[in-house]
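Hi everyone, thanks for coming.

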Amino acid sequence: MATTAELFEEPFVADEYIERLVWRTPGGGSRGGPEAFDPKRLLEEFVNHIQELQIMDERIQRRVEKLEQQCQKEAKEFAKKVQELQKSNQVAFQHFQELDEHISYVATKVCHLGDQLEGVNTPRQRAVEAQKLMKYFNEFLDGELKSDVFKNSEKIKEAADIIQKLHLIAQELPFDRFSEVKSKIASKYHDLECQLIQEFTNAQKRGEISRMREVAAVLLHFKGYSHCVDVYIKQCQENANLRSDIFEDTAILCQRVNKQVGDIFSSPETVLAKLIQNVFEIKLQSFVKDQLEECRKSDAEQYLKNLYDLYTRTTSLSSKLMEFNLGTDKQTFLSKLIKCIFISYLENYIEVEIGYLKSRSAMILQRYYDSKNHQKRSIGTGGIQDLKERIRLRTNLPLGPSIDTHGETFLSQEVVVNLLQETKQAFERCHRLSDPSDLPRNAFRIFTVLVEFLCIEHIDYALETGLAGIPSSDSKNANLYFLDVVQQANTIFHLFDKQFNDHLMPLISSSPKLSECLQKKKDIIEQMEMKLDTGIDRTLNCMVGQMKHILTAEQKKTDFRPEDENNVLIQYTNACVKVCGYVRKQVEKIRNSMDGKNVDTVLMEFGVRFHRLIYEHLQQYSYSCMGGMLAICDVAEYRKCAKDFKIPLVLQLFDTLHALCNLLVVAPDNLKQVCSGEQLANLDKNILHSFVQLRADYRSARLARHFS
């Protein structure tokens, strides 16, 4: 195998190289079997190949040494060349510095020469200008204008420059000697000014922006420059035709003018600001006055709606105009314009708002009571009424005759929604139209009106009427509507609280009025809750009275001491059935009328009173063995009814009562064991004894000995 350097290029694997060498050697591989293998031939090939490799290594080594010598030689030549370049660069840099110094010197000389030339030329130019002005002044002095500049209309720009300078000079001359010439110059000044303004107007009508810019630049030094701006503004408004929607049209006009005013005037922000001021003070103010004055005295509702809408649209327009360059303090500028338009309306806004809100709220309430054919009775105030109220709250006695409301609660969600909607709109207008310093105070006044008409005139009146409509506890077949009042009052309270948080709180959250509003809300709710508690308490008394009446009418003494002990077919008494039916209806009604923890609180109180009634009722009878069993069945039914309350305490009370009823039937010998049972062990011995005394065999079985 020929040995070349290419065989050793990467990747080089020595084992593969040996294998290829052996395979190519005759007798060195596995070809021909073991008999064909010739180790001597293979050894000879290895020795020859090693010699070839040594020869190739020597050849490559000589080549490497030659290349290294060549590289060293080239490196020395390159280093020498770099040194020569560095020396050349230093020489060039020195020449550059010398050239720079020379250029600076020449420039200084040129500047000095220029200053000298200017010092000579400026007085000369001034002298020439003065000579020309004297020539033109002589023409005015002689009374005959001969120069072409004053006769040729195409040179009006040059004539304007001359007459403007002559006008300034004439003002310095004494009047007694030069009155006539001063008058002529002033007349020509005025004529040229009028011509320029007319030229500007014509150019604007033709839409020639470049010509308008030229004329405006000339007029800039004239007294009539402001008149030129006024003409421009007037013409812009005439082209805009501000009629269909003045707010949208004004925004479009300002946007259009803003694009071109910079191409015409040297101070575009001043011109645009003057245009906006002109539109606000003339067009917009006139429009606002027309919209508000016609309904200011005749229709307060429409007046407030229009005022809110116009003010909102004006401030929205102001926000759009903030995008334009109107000078340094455009926020203050636009705020002053808005204030000038609306100040006469905003000064007494809150008085109009409060007056309208009161009359509107009163009308909503009156319309509701009229629809019910109800003449609203006055709720008395003063010493006697306060005394009655305190007595009623402490004793729960109905003072005065009961009023039959025929099931009417005198609460209406529609009325409440209408009142809250009116107040919501009032809060929105108050937020928009009130000065920031007056906003909390105005919002509090609106809240006071809401409290007066919603909480006092409507809810409190309904509670008072509902309280007066609650019958006495001994009334028969009384209709109890106060829970309906409670249900609707709860719903209204939620709506009232939502509006307080959503619409009033953001207006007063960072002011001292916050604590005042929270306190007022707390006081009114506590007052309402006190009346609700009183009404619920009296309603529960009426419920217990109804149950007591059922028991008195339906329960017979023979129920628990039947004449035939062996022929009792009923599972529980008729009185028990009717009482349980009545209780279930009242429990459902309470659940529908209350929310949250109030349900459990009222049901617990009702359950405790229910238990007390049954306990005292059972104490009135004497029980035979079969009668005691029937009493146990009744109490079991009462206990089943008590489960509907879902109050652990009530169920526990009836469990205990059921255990007590077992004392009516237990065998005398087991009585002591039952009394010490789990449910009765913690009860007072007198209570146990009182139940045992109800047994018909109390004396005959000498049961008293168990309690001695």
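Let's start with a question: how do the residues of the lining of the largest pocket divide into nonpolar, polar and charged? Keep in mind that this is a predicted model. The answer is ten nonpolar, eight polar and seven charged.

So what does that pocket look like? There's about 600 Å³ of space in it. It is lined by 25 residues, and the closest to its centre are Tyr311, Leu346, Leu433, Ser434 and Asp435. Helices H10 (300-321), H11 (330-346), H12, H14 and H15 each give two or more residues to the lining. H11 gives the largest share, with seven residues.

Take H12, residues 349-371, and H15, residues 439-468: their axes come within 10 Å and cross at roughly 15°. Angles under 35 degrees count as roughly parallel, so that's what we call H12 and H15. The crossing of H12 past H15 is right-handed. On the H12 side, the contact includes Ile354, Leu357 and Leu365, and on the H15 side, Ile446, Val449 and Phe453 are among the residues taking part. By class, this contact has eleven nonpolar, three polar and six charged residues.

The other pair is H14, residues 413-433, with H16, residues 482-508. They pack at an angle of about 5°, with axes 10 Å apart, and that makes H14 roughly parallel to H16. Here the count is eight nonpolar, six polar and one charged. Among the residues that meet are Leu420 and Phe427 from H14, and Leu495 and Phe496 from H16.

Conventions: Residues are numbered from 1 along each chain as its sequence is written. This is a predicted model: local features need pLDDT of at least 70, side-chain atom pairs count only at pLDDT 80 or more; totals for chains, interfaces and linings use all residues. Side-chain values use heavy atoms; hydrogens and water are left out. Axes are lines fitted to C-alpha atoms, for helices over the stretch in contact, and angles run from 0 to 180 degrees between N-to-C directions. Helices (H or I, at least four residues) and strands (E, at least two) are DSSP runs, numbered from the N terminus. Angles under 35 degrees count as roughly parallel, over 145 as roughly antiparallel, 65 to 115 as roughly perpendicular and the rest as oblique. Contact means heavy atoms within 4.5 Å. Ala, Val, Leu, Ile, Met, Phe, Trp, Tyr, Cys and Pro count as nonpolar, Asp, Glu, Lys and Arg as charged, and the others, Gly among them, as polar. A crossing is left-handed if the near helix is turned anticlockwise from the far one by less than a right angle, and right-handed if clockwise. On a 1 Å grid over the protein atoms alone, a cavity is a set of points where a 1.4 Å probe fits but cannot get out, and a pocket is an open set with protein on both sides within 12 Å along at least five of seven lines; lining residues have an atom within 4 Å of a point. Grid points are joined across faces, edges and corners, and a volume is the space filled by probe spheres set on the points.
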